[in-house]
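Hi everyone, thanks for making time. I'd like to walk you through a structure that may be new to you, so let's get it up on the screen.

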Amino acid sequence: MQAIRDIVLRHKAGEPIGVTSVCCAHPLAIEATLRHALQTAQPVALVEATCNQVNQDGGYTGMRPADYRDFVQSIADKVGFSRDRLVLGGDHLGPNPWTALPAAEAMARAETMVADYVRAGFRKIHLDCSMSCADDPVPLPERIVAERAARLCRAAEDAFDGDAPDAPVYVIGTEVPVPGGAAEDLDDLAVTAPEAAIATIDMHRDLFRESGLADAWERVIATVVQPGVEFDHDKVVDYLPEKAVALSRSIEPVANLVFEAHSTDYQTAESLASLVRDHFAILKVGPGVTFALREALWALDTMEAELVAPAQRALLRDVAIECMRAEPSNWQKYYHAEGVALDLQLQYSLSDRIRYYWPDARIVAAQEQLFANLRETVPTLPLVSQHLPLAYAAVRAGRASLDPADLVMAHVCATLDAYHGACHPDA
């Protein structure tokens, strides 16, 4: 964890550097992340799972924290990325998966989850207790949010049994959408007020110390605020530095803390660089990476239609849409169109609800068949240039082959390039 703390301290000392946090559970996206970190000589790769993806009940991926650790480490071993440079994080760790339960029961489960994450080797822990449970008021008073965060921090500290340099670091703060994406009208998006950001820090600091967590407080590296970035189905709210000047300056006197920015997906390279410069030094990206993954897979599906006889085609796109329509629980609260318009939302929404379905065995089998087909009938360079021009450029530069998995990862890496440029402007 010292590598992450060093980046934060260097930023606080005046260097305009940051770290990208990739929140994802797809093997190709994670492999692309680690390959990109190798290619760009990054000192650390930060990969995170959310409470909905991974928890003691399996989450929507079917993985518990130790399973996810083994999953990511196996990919790191495959690509030759040192485990010493790999940091695992837990995002939105709190009662969110169990908000239908009374608070006492939901928080007990959240304590178990946080402890499981820490025991499994996750070392960057976002404590998020901002959501109301079944018997809570709405919205939840901030003091209760902070008290619950301190309670989960205690569970994490009690679960850790390693050496001091490897102790968990923490992220606090609640001004973010719930895991899964925003539901509010983006036209009403507001930047966090500086006084609110500082009040959150002060309240958490006081409650941590009152709870005997003064040492843990020294390892709080960031607070989550809203810098004015978000996206919905087909719209992106870009970062406007002039609207966040006061917020940016407010963190400067606070020792050892930077801002963590969520929902930075789809921001331009210039906006990402401005965010890091303005002390939003931890950039979270999730759907933006899996959206690029889906783009690449759909492009391969199109190539297959041009190269492979109908009876042998995997028809990945058709299989995925069928699965989503058959099991709508992960998108029905977000998508409200019908017919063809719904098909478009299922596939192309920037909120990328399709990411919940990649682990489905039917989709996995179709993807494997698609890759097998395109390994038997290799796409030509012109075909790749037509459908995956960013991957084509990587092939021509010698950074990727014509293998379908390589083409997908090259396309994902193009998204990560903007983050790397923002976090390492001198690279």
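Predicted model: local features only at pLDDT ≥ 70, side-chain atom pairs only at ≥ 80, totals over all residues.

**A walk through the model**

Now step back into H15 itself, which covers residues 389-396. Which residues of this helix are buried? They are Ala-391, Ala-394 and Val-395. These residues sit on the same side of H15, because they cover an arc of only 100 degrees around the axis.

H16 takes us to the inside of the protein. The largest nonpolar core has 122 residues, and helix H16, residues 404-423, gives the most to this core, eleven residues in total. Which members touch the most others? Those are Leu-34, Tyr-68, Phe-208, Leu-283, Leu-297, Leu-300 and Leu-388. There's also a second, separate core, made up of 17 residues, with Val-8, Val-87, Val-171 and Ala-222 among them.

Let's zoom in on Phe-208. If we skip neighbours within four places in sequence, Phe-208 is in contact with Leu-127, Ala-149, Ala-150, Cys-153, Ile-172, Leu-213, Ala-214, Trp-217 and Val-220.

Some of those names come back with the next residue, His-204, which is in helix H6, residues 194-210. Is His-204 buried or exposed? Its relative accessibility is 1%, and buried means under 20%, so His-204 counts as buried. Not counting residues up to four places away in sequence, His-204 touches Ala-146, Ala-149, Ile-172 and Trp-217. A polar atom of its side chain also lies 2.9 Å from the backbone oxygen of Thr-200.

Last stop: Glu-304, in helix H10, residues 287-307. Glu-304 is buried, yet has no salt bridge. Where is the nearest side chain of opposite charge? That's Arg-313, 5.9 Å away. What Glu-304 does have is a polar atom of its side chain 3.5 Å from the backbone nitrogen of Leu-315. Leaving aside neighbours within four places in sequence, the contacts of Glu-304 are Gln-312, Arg-313, Ala-314, Leu-315, Leu-370, Asn-373 and Leu-374.

Methods. Residues numbered from 1 in each chain as written. Heavy atoms only, no water. Core = buried A, V, L, I, M, F, W, Y, C linked by side-chain atoms within 4.5 Å. Buried < 20%, exposed > 50% of the residue type's maximum accessible area, 1.4 Å probe, protein only. Helix = DSSP H or I, 4+ residues; strand = E, 2+ residues; numbered from the N terminus. Contact = heavy atoms within 4.5 Å. Polar contact = N/O pair within 3.5 Å; in protein donor to acceptor, adjacent residues only side chain to side chain. Lys, Arg positive; Asp, Glu negative; His and termini not counted. Salt bridge = Lys/Arg side-chain N within 4 Å of Asp/Glu carboxyl O. Arc of directions from axis to C-beta.
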